[in-house]
Every structure is written in structure tokens, then in C-alpha cells.
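Here is a short report on one protein chain. It moves from the whole fold to single residues.

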Amino acid sequence: MTISKLPLQFDFSLRRHNTFGIDANAHAYLPVTSLETLQALRFDQDMASLPRLVLGGGSNLVLTQDFPGLVLHMCNRGREIAGADEDAVYVRAAAGENWHELVLWTLKQGLAGLENLSLIPGSVGAAPIQNIGAYGVELQERFHGLTALDMESGEILTLNRDACAFDYRDSVFKHSLRDRAVVLDVTFALPKRWQPDLRYADVAQELAARELLQPSARDISDAVIAIRTRKLPDPAVIGNAGSFFKNPIVTAAQRNVLLAQHPQLVNYLQPNGGYKLAAGWLIDQCGWKGKSLGAAGVYEKQALVLVNRGGASGRDVVRLAQAVQADVMARFGVALEPEPIFI
């Protein structure tokens, strides 16, 4: 394979490839269906020297301008049961697989562990980069390992959990391996001795309403899907990137001061003794739910979600996000950090 045979496209519209539905173009675009595509790319001086953006489902992205470089769209496919031991069954999936479809596939195989992460938008390859999480479960708890290509050295990297340096919505791919490593596939360890995680009240209440006292993993997945469908807009209908801000983590002392001032403060004790605050609640208290700035707005059913009400640019979204951040800081003294990356 030579670079001249790669299916490059130029001045390529990314509107259909970001869930916000923002209209921006990439100088060059390349669908990546195999490792060989990336290896061939490394030896083309014109393409390899361009700025790169690795794109999965486009659900964690705000395009503030046209991208002047090369977009690598991960389109590789494949999923399999890769092995098992006394404790877990190991499932491997290609980076280009749809995350929610993988969750449903594992459940069909009778494998539990990913059910709380149902209906999270995006691709498998993006999941460890963001260390996705929902309803009491984070990806790192089910992560076994991954392979990635180092675009600088050409080396195939095999990374375990420790090497990925997971933190809340964070990983090594946002730091030392940023703009360098391209995730190829991810392997998950799904526990044989599974226990349902019902720590979040929304999930417990949904299951109680369904009169499910001993829910299966499929029951929990169905409950999570129902909750997310009620609370979050479908990107195919109204552009959005899901939860736009991280839930801020504060010290116990900060939390106590805030709780004294705001007795209804939604907060969760963390293993390190800090407290996670519900960013959506903070935003709602500032009166932003359902409000808009131009074509960008705050979703009326969930204040944590910013939406494209039609024709919004990336700069419109940034302007709205900054206004929300300023109001939350002014009222609560808490800094909100966006989850999506800005390009």
C-alpha cells in the first residue's frame, strides 16, 4: 500500500462527524480501517507533517474553526471474546466500534459489567482516553489493556491500567501521549462474580418503579437507557456533546461551607475524602436551564447539556459555556471544567 492509494479527501465537511452538528471543514480526511493505513501514512511526508485530529464518534468535540490538518477517522471494526480466567471474561473491541453497540453485544453474550455505561455516545477507542463513566461506574474499573500506534516512532504500544494513568475523565492520552498515540483496540475485563451497582438514586428508583428487586445486568442497562433517553437529547435530533462539564470535586471543607449556604447542594463523597458536586445542579441554580445565547442553549431537561438549537457555530458554544462558567463561579466559587475538547 502506498499513500497515493489511501482514500484521502480534501476540504472535507465534518458536520456529520461531530454530534454537535457544527459546520466546519478539515483540510484533509482519512477513514482508518486498519493498522496498515496508519503505518503507510507515517511515510508520507506531506500528510505526516500535518496537524492530526483522531476522530471517533465525534461526541466529545467542539469545532471552533476549520481544522487545518488531517482528520484520522477511526473506522476499524471487530469484537471478540479474547479469553477468560478464574475472575473475568476478556472482551476485545476495535477502536472504531460504537460504544453502546459493544455494551449491548456483551449483554447478549451473557456478560455483565458494562451495563451502567449504556447509551454513552462515542467509540470504543475514545472510551479510555476520556475514562468515560456514568451511574457509579468508570471505564477504568472494567479496563484490562489496549494497543495503540505511536505515530512518532511507529512502535505498537501495549498499555495496562497503570500505564494509562486514569483519573476522573482523564488519562495519559490527554498528556504525554496526546497527539502521538492512536488507540487501535481495547480489552475489557468483565467480572465473573458480578454484583449490580445501584449506588445512584436514579437507577435504584427506575428499577423500583419496574418492581425489579433483583435486577439482572440487562435490567440495569434498560433502566439506564430509559433514564438517559428522558434526560438527554438525541444528537440526531438536536446537536449536543452529552454532559458538557465535569462534575467538580472539592475538599470536605469547601463542601461544608457550600452546604451551609445551600442545604440542597447535590454532592457525593469520594474515596479520597473530597466531594463531587453535581455540575448540572449548580448550573440550574444559576437559572441557565432552558436558556440560550444565540443558537447555542442549555437543554431544558438537563442543565449539564449544551445544545445546538440550529446553526450554532463552535464559537457560539464556547461563548455560552464561558457565560455559564462565570455565573457558577460568581455564585458558588466553583470552577467548571468542560469535558469536550475544543479545536
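## Overall fold

What percentage of the 343 residues in the protein is buried? Buried residues make up 52%. The model is predicted, so keep that in view for every value below.

The protein holds ten helices and 20 strands. Its C-alpha atoms fill a box of roughly 65 × 55 × 35 Å along the principal axes. The radius of gyration is 21 Å. A compact globule of 343 residues would have a value near 20 Å, so the two agree.

## Contacts, surface and charge

Take the contacts between residues at least 6 apart in sequence: 61% of them join residues at least 24 apart. The accessible surface comes to about 16000 Å². Carbon and sulfur atoms account for 49% of that surface.

There are 33 positive and 36 negative side chains. The centres of these two sets lie 4 Å apart.

## Aromatic pairs

How many aromatic pairs does a search of the whole structure find? It finds nine. One of the pairs is Phe12 with Tyr29, which is stacked. Their ring centres are 3.8 Å apart, with 10° between the planes. Phe12 belongs to strand S1 (residues 9-13) and Tyr29 to strand S2 (residues 25-32), so the pair ties together parts 17 residues apart in sequence. Phe12 is buried, at a relative accessible area of 15%. Tyr29 is buried as well, at 5%.

Phe20 and Phe244 form another pair. Their ring centres are 6.3 Å apart and their planes stand at 80°, so this pair is edge-to-face. It links distant parts of the chain, 224 residues apart. Phe20 sits in the loop between S1 and S2. Phe244 sits in the loop between strand S13 (239-243) and strand S14 (249-250). Both Phe20 and Phe244 are buried. Together with Phe245 and Phe342, they form one aromatic cluster.

## Helix H3

Is helix H3 mostly covered or mostly open? H3 spans residues 99-108 and is mostly covered, with seven of its ten residues buried. The buried residues are Trp99, His100, Leu102, Val103, Trp105, Thr106 and Leu107.

What do these buried residues pack against? Their partners include three strands: S6 (79-84), S7 (88-94) and S12. The partners also include two helices, H4 (126-130) and H7 (217-231).

Most residues other than glycine have a negative phi. Asn131 has a positive phi of about 45°, although it is not a glycine. Asn131 lies in the loop between H4 and strand S8 (133-134). Its relative accessible area is 0%, so Asn131 is buried.

Arg169 also has a positive phi, of about 50°, and it is not a glycine either. Where is Arg169 found? It is in the loop between helix H5 (161-164) and strand S12 (181-191). With a relative accessibility of 9%, Arg169 counts as buried; the cut-off is under 20%.

## Gly290

Gly290 is found in the loop between helix H9 (279-285) and strand S17 (292-293). At 37% relative accessibility, Gly290 counts as partly exposed. Which residues does Gly290 touch, not counting those up to four places away in sequence? They are Val298, Tyr299, Glu300 and Arg309.

How far apart in space are Gly290 and Arg92, C-alpha to C-alpha? The distance is 40 Å. In sequence, Gly290 and Arg92 are 198 residues apart.

How values were computed: Residues are numbered from 1 along each chain as its sequence is written. This is a predicted model: local features need pLDDT of at least 70, side-chain atom pairs count only at pLDDT 80 or more; totals for chains, interfaces and linings use all residues. Side-chain values use heavy atoms; hydrogens and water are left out. Helices (H or I, at least four residues) and strands (E, at least two) are DSSP runs, numbered from the N terminus. The radius of gyration is taken over C-alpha atoms; the globule rule is 2.2 Å times the number of residues to the power 0.38. Buried means under 20% relative accessible area, exposed over 50%, partly exposed in between (1.4 Å probe, protein chains only). Contact means heavy atoms within 4.5 Å. Accessible areas come from the Shrake-Rupley method with a 1.4 Å probe; for residues, only the protein chains shown count as cover. Lys and Arg count as positive and Asp and Glu as negative; His and the chain ends are not counted. The place of a charge is taken as NZ of Lys, CZ of Arg, CG of Asp or CD of Glu. Rings of Phe, Tyr and Trp (its six-membered ring) pair if their centres lie within 6.5 Å; planes under 30 degrees apart count as stacked, over 60 as edge-to-face and the rest as tilted.
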